[in-house]
Amino acid sequence: MDLLVRGPVDISEITGMDLEVAVKLVTKARQQLVEDGRIDKDFVTATEIYKRRQDIGKISTGTSALDMLFDGGIETQAITEVYGEFGSGKTQFCHTMCVNVQKPKEEGGLDGGVLYIDTENTFRPERIVSIAKAKGLDPEKVLDRIIVARAYNSAHQELIMQEAGPVIEESKIKLIVVDSAVGLFRAEFLGRGTLANRQQRLNKFMHLLVRTAETYNIAAIATNQVMASPDTFFGDPTRPIGGNVVAHTSTYRVYFKKSGKKRIARMVDSPHHPEQEVIFALTEAGVADLEEESKKKKKDEAEE
Ligand code: GTP
Ligand code: MG
């Protein structure tokens, strides 16, 4: 699986092996995996693709608003990109999904573990505990199934992704979070001269992420910041950084926006979702529905 995810070009670069030999190696690995029924063969009928797409799992967000936006939840075999300004709830959303994915299938989870790649040092186990408690789960068990990898620079972030294969199999990972996917690349490659280089490296990382999600049938969430784009005259003058690279590798792009205490999520790009907006809230229990918020408040007030 790892050989397939990395591909012959990478393998020949790392090992010094002839590209042709590396291609043969990867082909053999692929043939074996096809024989074992773990991946599709190269030429498949649409029926077979249809069947494979039925293997796609969905992780419920635990809110009816966001589940409506995502048509059931975050999908496996794809990258869901969440972008928005600071404090818009990207990290809170990631934390919530770390808990939700662990729920059994009947309850909207995938009964799987999490690989959390933290590039901004904003992963907080305390938040996981409060979210798990609010959802009636055992916080200790939930924490145990989240593998955190702190990435210190973009090369390290890439390395973590390259070495994720065995961790994914061992810990039955069903969700990879990269919070943030672009931040380190943005910080390290400053200025116009290095832009092409940055995009190339970022491209490599995003492709590795999407191949991993597809090969292992797991969900991937990548967060992204926004920058002001002065050339926008209509609508929201912010857009995600990372440009086309991130846009093209993400299957779904969602924009989070602050609106006072509320948060707005908009599906910006998706092959099959309508472009729509929903409103949600950030609470002790992570991302939540507004109504529940107000109901709970009323209940609390009544109790007082
Ligand atoms: P950057 O990483 O800075 O770009 O922002 P982000 O989009 O990741 O924001 P993040 O998810 O960290 O959201 C922070 C916001 O979540 C805070 O401003 C709070 O409004 C909210 N928040 C975090 N924890 C809690 C909590 O326990 N209860 C409530 N009600 N809100 C919380
Ligand atoms: Mg954040």
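Start by selecting Glu158 and Lys204: they form a salt bridge (a side-chain nitrogen of Lys or Arg within 4 Å of a carboxyl oxygen of Asp or Glu), with the closest N and O atoms 3.7 Å apart. Glu158 sits in helix α8 (residues 154-162) and Lys204 in helix α11, so this pair ties together parts 46 residues apart in sequence. Helices here are DSSP runs of H or I with at least four residues, strands are E runs of at least two, and both are numbered from the N terminus.

Before moving on: this is a predicted model, where local features need pLDDT of at least 70 and side-chain atom pairs count only at pLDDT 80 or more, while totals for chains, interfaces and linings use all residues. Residues are numbered from 1 along each chain as its sequence is written, chains are lettered from A and ligands numbered from 1 in the order written, and side-chain values use heavy atoms, leaving out hydrogens and water.

Now color by accessibility. Glu158 counts as buried at 8% relative accessibility, whereas Lys204 is partly exposed at 36%. (Buried is under 20% relative accessible area, exposed over 50%, partly exposed in between, using a 1.4 Å probe and protein chains only.)

Zoom in on Arg6 and Asp10, whose closest N and O atoms are 3.3 Å apart. They're four residues apart in helix α1, so about one helical turn separates them.

Last stop: Glu81 and Arg253, another salt bridge, at 2.5 Å from N to O. Glu81 lies in strand β3 (residues 78-84) and Arg253 in strand β10 (residues 252-259), so the pair ties together parts 172 residues apart in sequence.
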